[in-house]
Amino acid sequence: MRIGELAKATGTKAETIRYYEREGILPAADRTDSNYRDYSTDHLATLTFVRRARELGFSMAQVRELLALSDHDEKPCLDVDLLVQQQLAEVERKIADLSALRDELGQMLRSCQADKIGECQIIGSLGRRAIA
């Protein structure tokens, strides 16, 4: 299949596919006689794998590692488990950060009962002007 077909099948932009090829994440495609890239079902499977891993928040380094591990069917799953545990811990950290941010914004909103910007506690708490 050509790059446009692969892009459509995976929801990936053609430039991203070319980038993945340049970076060695996606194997280089064979070329047709007219020099078009000719992608196989293996390319489709690899790109789908990469896209899903990226959607789950894995870094490109982690994606590379997962791809390398996926080539060894007989190896124990421990290394994959460790990568997923690390990613889960990162997601939980981000959730905690977002929860704290939500609480802080809610507190800011509750603290301001002013009618005018000049008396606004939110503007003051952001440091724009001193709070009286």
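Not counting residues up to four places away in sequence, Thr10 touches Leu44, Leu47, Thr48 and Arg51, where a contact means heavy atoms within 4.5 Å. Thr10 lies in helix α1; helices (H or I, at least four residues) and strands (E, at least two) are taken as DSSP runs and numbered from the N terminus. At 13% relative accessibility Thr10 counts as buried, the cut-offs being under 20% relative accessible area for buried, over 50% for exposed and partly exposed in between, with a 1.4 Å probe and protein chains only. All of this comes from a predicted model, in which local features need pLDDT of at least 70 and side-chain atom pairs count only at pLDDT 80 or more, while totals for chains, interfaces and linings use all residues. Residues are numbered from 1 along each chain as its sequence is written, and side-chain values use heavy atoms, with hydrogens and water left out.

Next comes the start of the chain. Met1 is found in the segment before α1, the helix that covers residues 3-10. Met1 is partly exposed, with a relative accessible area of 27%. Leaving out residues up to four places away in sequence, Met1 touches Leu6, Arg37, Asp38, Tyr39, Ser40 and Leu44. Leu44 also turns up among the contacts of Thr10.

Ala29 lies in the loop between α2 (14-22) and β1 (30-31). With a relative accessible area of 11%, Ala29 is buried. Its contacts, again not counting residues up to four places away in sequence, are Glu21, Arg37, Asp38, Tyr39 and His43. Arg37, Asp38 and Tyr39 are touched by Met1 as well. Ala29 and Ile3 are 26 residues apart in sequence, yet their C-alpha atoms are 9.4 Å apart in space. Further along, Asn35 sits in the loop between β1 and β2 (37-38). Asn35 has a positive phi of about 70° although it is not a glycine. Most residues other than glycine have a negative phi.

What about aromatic pairs? The structure holds one. The rings of Tyr19 and Tyr20 have their centres 5.9 Å apart and their planes at 50°, so the pair is tilted; rings of Phe, Tyr and Trp (its six-membered ring) pair if their centres lie within 6.5 Å, and planes under 30 degrees apart count as stacked, over 60 as edge-to-face and the rest as tilted. Tyr19 is partly exposed at a relative accessible area of 34%, whereas Tyr20 is buried at 7%.

Tyr20 is also one of the residues touched by Arg54, the others being Ser59, Met60 and Val63, with residues up to four places away in sequence not counted. Arg54 belongs to helix α3 and is partly exposed, with a relative accessible area of 37%. From Arg54 to Glu23 the spacing is 31 residues in sequence and 15 Å in space, C-alpha to C-alpha. Leu56 and Val91 are 35 residues apart in sequence and 9.3 Å apart in space, C-alpha to C-alpha.

In α4, the buried residues are Met60, Gln62, Val63, Leu66, Leu67 and Leu69. They pack against α2, α3 (41-55) and α5 (78-111). An α-helix has 3.6 residues a turn, so residues three or four places apart point the same way.

Helix α4 (residues 60-70) also gives the most to the lining of the largest pocket, with four residues. That pocket has a volume of about 160 Å³, meaning the space filled by probe spheres set on grid points joined across faces, edges and corners. On a 1 Å grid over the protein atoms alone, a pocket is an open set of points where a 1.4 Å probe fits, with protein on both sides within 12 Å along at least five of seven lines, and lining residues have an atom within 4 Å of a point. The lining consists of Gly24, Ile25, Pro27, Thr46, Arg64, Leu67, Ala68, Ser70 and Asp71. By class, four are nonpolar, three polar and two charged; Ala, Val, Leu, Ile, Met, Phe, Trp, Tyr, Cys and Pro count as nonpolar, Asp, Glu, Lys and Arg as charged, and the others, Gly among them, as polar.
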